[in-house]
Amino acid sequence: MATQSLIPAGDFRTSYAADTTLFPTAGSRYAVWAGLALLCLAPLILDRYWLSLLIQIGYFAVAALGLNILVGFTGQISIGHAAFFGFGAFASAWLSNNLAIPVFFAIPLSGIVTTAVGLVFGLPAARLKGLYLAIATLAAQYILQDFFARANWFTGGVAGTPAEAFSILGFAFDTDQRYFYVVLAYLVLTFVLASNLMHSRDGRALVAVRDHYLSAEMMGINLTRYRTLSFGLSAFFAGVGGALYAHYLQFVSVEGFGILLSIQFLGMIIIGGLGSIMGTLMGTAFMVLVPEAMGWITDAVRGSALDRALALKDNLSFLREMAIGLVIVLFLIFEPDGLAHRWRQIKAYWKLYPFSH
């Protein structure tokens, strides 16, 4: 999780503000602006299938960012993240349907409501660690899942509930081409917010709790407060991501927020890199695209000589599920620091070439 700074020679930091800037070099700042410009052109170039994948990456990345704050930056563990993602989806749908709150305001409000729920579970969990904390978050997953199935007034029960389309002043963002910009705006806003948070005093306190909680406590950091805060922040981002998910599909069902989705969220931050803002986005994109790539491979193999020789037949359809677990295991073995670490090594190689160090 350690970062390697590759500041050009002669570029000195003379103030604290300069040392904590989001863009350490002018090149990185220009690259981000160029990337955003290309993304803004995506609806004009890509078809509905690829836009749908980009939208999925967007709202899953917002939710996974919260989990990375909890797990990667604070050193806690949660295997119930999907439940908070689902609570945000149902909360936003309920606020817009029952209280007639515009979706524009319902999305951030759902994040705040989900934060309150996260704090309720975070207060007792803040005094736990290791396996006990994992079991506590697993309990939160099943408690909220049961609540979704029984609270007909809030979720519609097992039948689910509709969600209104996102709109501003009567202009509806009800197509993939339009809703893409909504998700992109929230993605940029949440990632900038999280990046600034990690450069703040509270962000450094969260990292101190992760690195050595005894030393952090001796320095005056309130462990219970910051562990609880990390659960609240994690729930907020999960709630916002869930709300974006709800208003994209315009329908929310209980079945979509099981333990498998929580494992997928963990896979996103492990593959991307624990304790890395950029790695969250990279890991989410990887986890969304791998099943699609496996789908293309199974379609190509089906009916081929390899299919007949191995007698795969109907078992090909299970390759997509197997691929997710296999990828997580391989990354834990061969690339434990994730894609973000590999990207930093690639940049270091080109910065230092032809020298080895």
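Predicted model: local features only at pLDDT ≥ 70, side-chain atom pairs only at ≥ 80, totals over all residues.
Q: What share of the residues counts as buried?
A: Of the 357 residues of the protein chain, 46% are buried, where buried means under 20% relative accessible area, exposed over 50%, and partly exposed in between (1.4 Å probe, protein chains only).

Q: And which contacts hold it together over the sequence?
A: Taking contacts between residues at least 6 apart in sequence, 78% join residues at least 24 apart, a contact being heavy atoms within 4.5 Å.

Q: Changing topic, how many aromatic pairs are there?
A: The count comes to 31, with rings of Phe, Tyr and Trp (its six-membered ring) pairing if their centres lie within 6.5 Å, and with planes under 30 degrees apart called stacked, over 60 edge-to-face and the rest tilted. One of them is F90 with F148, whose centres are 5.0 Å apart and whose planes are at 45°, so the pair is tilted.

Q: Where do F90 and F148 lie?
A: F90 is in helix α4 (residues 81–98) and F148 in helix α6 (residues 131–150), so this pair ties together parts that are 58 residues apart in sequence. Both F90 and F148 are buried.

Q: What about F104 and F105?
A: They form an edge-to-face pair, 5.2 Å centre to centre with 90° between the planes. F104 is partly exposed at 38% relative accessible area, and F105 is partly exposed at 49%.

Q: Which residue has its charged end over the ring of Y213?
A: That is R227, 5.5 Å from the ring centre, under a rule that asks for NZ of Lys or CZ of Arg within 6 Å of the ring centre and within 35 degrees of the ring normal. R29 likewise lies over the face of Y30, at 5.6 Å from the ring centre.

Q: Last one: is L169 buried or exposed?
A: L169 is exposed, with a relative accessible area of 88%, and is placed in the loop between β2 (167–168) and β3 (171–172). Its phi is positive, near 55°, in a residue other than glycine.

Methods. Residues numbered from 1 in each chain as written. Heavy atoms only, no water. Helix = DSSP H or I, 4+ residues; strand = E, 2+ residues; numbered from the N terminus.
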